Amino acid sequence: MNYSLKLDSPGEWLETVLANFDEFLVDHAANERKASAAALSMVAHYPDKVTLVETMVDLALEELNHYRQVLNLMRQRNLNPGPDEKDPYVNEIIKQVRRGADHYFLDRLLSAAVIEARGAERFDLLGAALDDSDLRGFYKTLARSEHKHQELFVVLARRYFPNDEIDDRWQEWLQIEARILGSLTIRPRLH
Ligand SMILES: [Fe+2]
Ligand SMILES: [Fe+2]
């Protein structure tokens with residue numbers, strides 16, 4: 001399996017985030033909270049899948065902890081959480097999730113994996129580029145964490161689906177994600 005994303009984040013994205021880091025931080029916090037909520041929604045949707053439930057509960061806690069850490073950074077900067085905004089990237093990805101119980105389940109796992117992969121890539125960029133060494137360390141740690149989440153969703157998929165099916169659909173998801181990312185307006189947001 002090829003884990004690598006098909007499109008690198010444009011340099012303009014990094015420049016925009018660095019120039020508007022406070023604005024980015026508020027959006028980043030919201031993304032961590034939504035990641036936690038999404039993990040819990042998997043629990044609600046698949047209560048009979050024991051391994052999935054346990055994995056998603058752990059993930060929800062970890063994402064909520066990320067949210068708490070970003071909130072602490074916001075407090076230091078006198079920033080408050082804002083109202084939720086539409087996330088065109090995530091909305092477009094959700095539109096590509098196929099219907100039908102099996103296809104839907106596989107696509108939920110692989111779309112989550114691809115979103116985690118993009119988070120890891122972007123946090124890694126911030127971990128290398130931010131001025132503040134504490135912030136660099138924080139984002140490097142987050143990048144490792146989101147990379148593990150990507151793998152966790154793929155491991156879960158392997159538990160429930162044949163490898164061939166996963167590998168084929170994963171390649172399609174990488175293409176879908178690259179197309180969606182490439183169509184986005186560059187803003188100081190995670191996506
Ligand atoms: Fe996270
Ligand atoms: Fe994550």
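User: Which helix axes come within 10 Å and cross at roughly 145°?

Analyst: First, a word on the model: it is predicted, with local features needing pLDDT of at least 70 and side-chain atom pairs counting only at pLDDT 80 or more, while totals for chains, interfaces and linings use all residues. Residues are numbered from 1 along each chain as its sequence is written, and chains are lettered from A and ligands numbered from 1 in the order in which they are written. Helices are DSSP runs of H or I with at least four residues, numbered from the N terminus. An axis is a line fitted to C-alpha atoms, for helices over the stretch in contact, and angles run from 0 to 180 degrees between N-to-C directions. Here the pair is α4 (residues 88-95) and α7.

User: Which residues make that contact?

Analyst: Two residues are in contact if their C-beta atoms, placed from the backbone, lie within 7 Å. Tyr89, Glu92 and Ile93 of α4 touch Glu177, Ile180 and Leu181 of α7.

User: What angle do α5 and α7 make?

Analyst: Angles under 35 degrees count as roughly parallel, over 145 as roughly antiparallel, 65 to 115 as roughly perpendicular, and the rest as oblique. α5 and α7 pack at about 50°, with axes 10 Å apart, so these two are oblique to each other. On the α5 side you'll find Leu106, Leu110, Ser111, Val114 and Arg118, meeting Arg169, Trp170, Trp173, Leu174, Glu177 and Leu181 in α7.

User: Is the crossing of α5 and α7 left-handed or right-handed?

Analyst: Look at the near helix: turned anticlockwise from the far one by less than a right angle, the crossing is left-handed, and if clockwise, right-handed. α5 passes α7 in a right-handed crossing, and α4 passes α7 in a right-handed crossing too.

User: How many residues are in the largest nonpolar core?

Analyst: A residue is buried if 20 or more other C-beta atoms lie within 10 Å of its own, exposed if 12 or fewer, and partly exposed in between, with C-beta atoms placed from the backbone. A nonpolar core joins buried Ala, Val, Leu, Ile, Met, Phe, Trp, Tyr and Cys residues through C-beta atoms within 7 Å. The largest one has 35 residues, and Leu109, Leu110, Ala113, Val114, Phe153 and Ala157 have the most contacts inside it. Helices giving two or more residues to this core include α1 (11-19), α6 (133-160) and α7 (163-183). α5 gives the most, with 12 residues. Apart from this core lies another, of 5 residues, among them Leu25, Ala29, Ala30 and Val70.

User: What is Phe153 in contact with, leaving aside its neighbours within four places in sequence?

Analyst: Phe153 touches Leu109, Ala112, Ala113 and Glu116.

User: How does the length of α3 compare with what is expected?

Analyst: The expected span of a helix is 1.5 Å times one less than its number of residues. With 27 residues, α3 reaches 40 Å from its first C-alpha to its last, close to the expected 39 Å. Its buried residues include Leu52, Met56, Leu59 and Tyr67, and what covers them includes α2 and α6. As for α2, its 25 residues reach 36 Å, close to the 36 Å expected, and its buried residues pack against α3.

User: Is Asn78 buried or exposed?

Analyst: Asn78 is exposed, because 7 other C-beta atoms lie within 10 Å. You'll find Asn78 in the loop between α3 and α4, with a positive phi near 60°, in a residue other than glycine. Asn80 lies in the loop between α3 and α4 as well; Asn80 is exposed, with 9 other C-beta atoms within 10 Å.
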